[in-house]
Amino acid sequence: MTIPVEQLSDPTVRAFVAALNANDRQAFSAVLAPGATMSDDGSERDVADWTEREIFSSGGHMDVEAEADGGLALVADYRNDTWGAMRTAWRFTVDGGKVARFETGQA
């Protein structure tokens, strides 16, 4: 059972997931804080390079299964044209209504 995006608890995380699923680069950039950072499976990545490769040019999509920590931690089925589908964990640091950091990896 998935959680509809509009029902995600944290409004900033909700905007992040909605922009990702809509493949909306402008909305996605707007939800990120200046200098936002991220990691994938414990390795630091360049946000712009990673999001272009793993989300925008490969049709990334997230179906959220569960949330915790007030909506700042998600478990989701993530899929894109490069890797197919996988169960992933996402952790967000939100500051001033923007995502300052996100960490993702296989769950």
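**Notebook: strands, a helix and a pocket**

I began with β3 and β4, which form a hairpin with 4 residues between them, and in the turn Asp-69 has a positive phi of about 55°. The model is a predicted one, in which local features need pLDDT of at least 70 and side-chain atom pairs count only at pLDDT 80 or more, while totals for chains, interfaces and linings use all residues. I count residues from 1 along each chain as its sequence is written, and side-chain values use heavy atoms, with hydrogens and water left out. For the element names I rely on DSSP runs, numbered from the N terminus: helices are H or I with at least four residues, strands are E with at least two.

**Entry 1: the strands**

I looked up how β3 (61-68) is joined to β4 (73-80). The two run antiparallel, with 7 bridges between them; strands count as paired if DSSP finds at least two bridges between them. Ala-66 has Val-75 of β4 opposite.

I went on to β4 and β5 (84-95). This pair is antiparallel too, over 8 bridges, and a hairpin of 3 residues connects the strands. In this pair I found Ala-76 opposite Thr-88 of β5.

Next I followed β5 into β6 (98-106). They run antiparallel and are joined by 8 bridges. Phe-92 stands opposite Phe-102 in β6. The hairpin here has 2 residues between the strands, and Gly-96 takes a positive phi near 60°.

I noted the background first: most residues other than glycine have a negative phi. Which residue in the loop between α1 (11-22) and α2 (25-31) did I look up? I looked up Asn-23, which is found in that loop. Asn-23 is not a glycine, yet its phi is positive, about 55°. I list Asn-23 as partly exposed because its relative accessibility is 34%; buried means under 20% relative accessible area, exposed over 50%, and partly exposed in between, with a 1.4 Å probe and protein chains only.

Asp-69, from my opening note, lies in the loop between β3 and β4. Its relative accessible area is 44%, so Asp-69 is also listed as partly exposed.

**Entry 2: helix α3**

I asked which residues of helix α3 (residues 47-56) are buried. They are Val-47, Trp-50, Thr-51, Glu-54, Ile-55 and Phe-56. These residues lie on the same side of α3 because they cover an arc of only 150° around the axis. The arc is taken from the directions that lead from the helix axis to the C-beta atoms.

I also checked the start of α3, where a side-chain oxygen of Asp-46 comes to within 3.3 Å of the backbone nitrogen of Ala-48.

The Thr-104 side chain reaches the backbone oxygen of Ala-89 at 3.2 Å.

Gly-105 is found in strand β6 as well. At 10% relative accessibility, Gly-105 counts as buried. From Gly-105 to Ala-85 I count 20 residues in sequence and 12 Å in space, C-alpha to C-alpha.

**Entry 3: the largest pocket**

How much space lies in the largest pocket? The value is about 210 Å³. I wrote down how a pocket is found: on a 1 Å grid over the protein atoms alone, it is an open set of points where a 1.4 Å probe fits, with protein on both sides within 12 Å along at least five of seven lines. The volume is the space filled by probe spheres set on the points, which are joined across faces, edges and corners.

The lining has 15 residues, and those nearest the centre are Asp-40, Trp-50, Glu-54, Trp-83 and Met-86; a lining residue has an atom within 4 Å of a point. Two or more lining residues come from each of α3, β4, β5 and β6.

I then looked at Trp-83, in the loop between β4 and β5. Trp-83 counts as exposed because its relative accessible area is 55%. Trp-83 and Glu-54 are 29 residues apart in sequence and 8.8 Å apart in space, C-alpha to C-alpha. Their side chains are joined by a polar contact of 3.0 Å; such a contact is a pair of N or O atoms within 3.5 Å, where within protein one must be able to donate a hydrogen and the other to accept it, and residues adjacent in sequence count only if both atoms are side-chain atoms.
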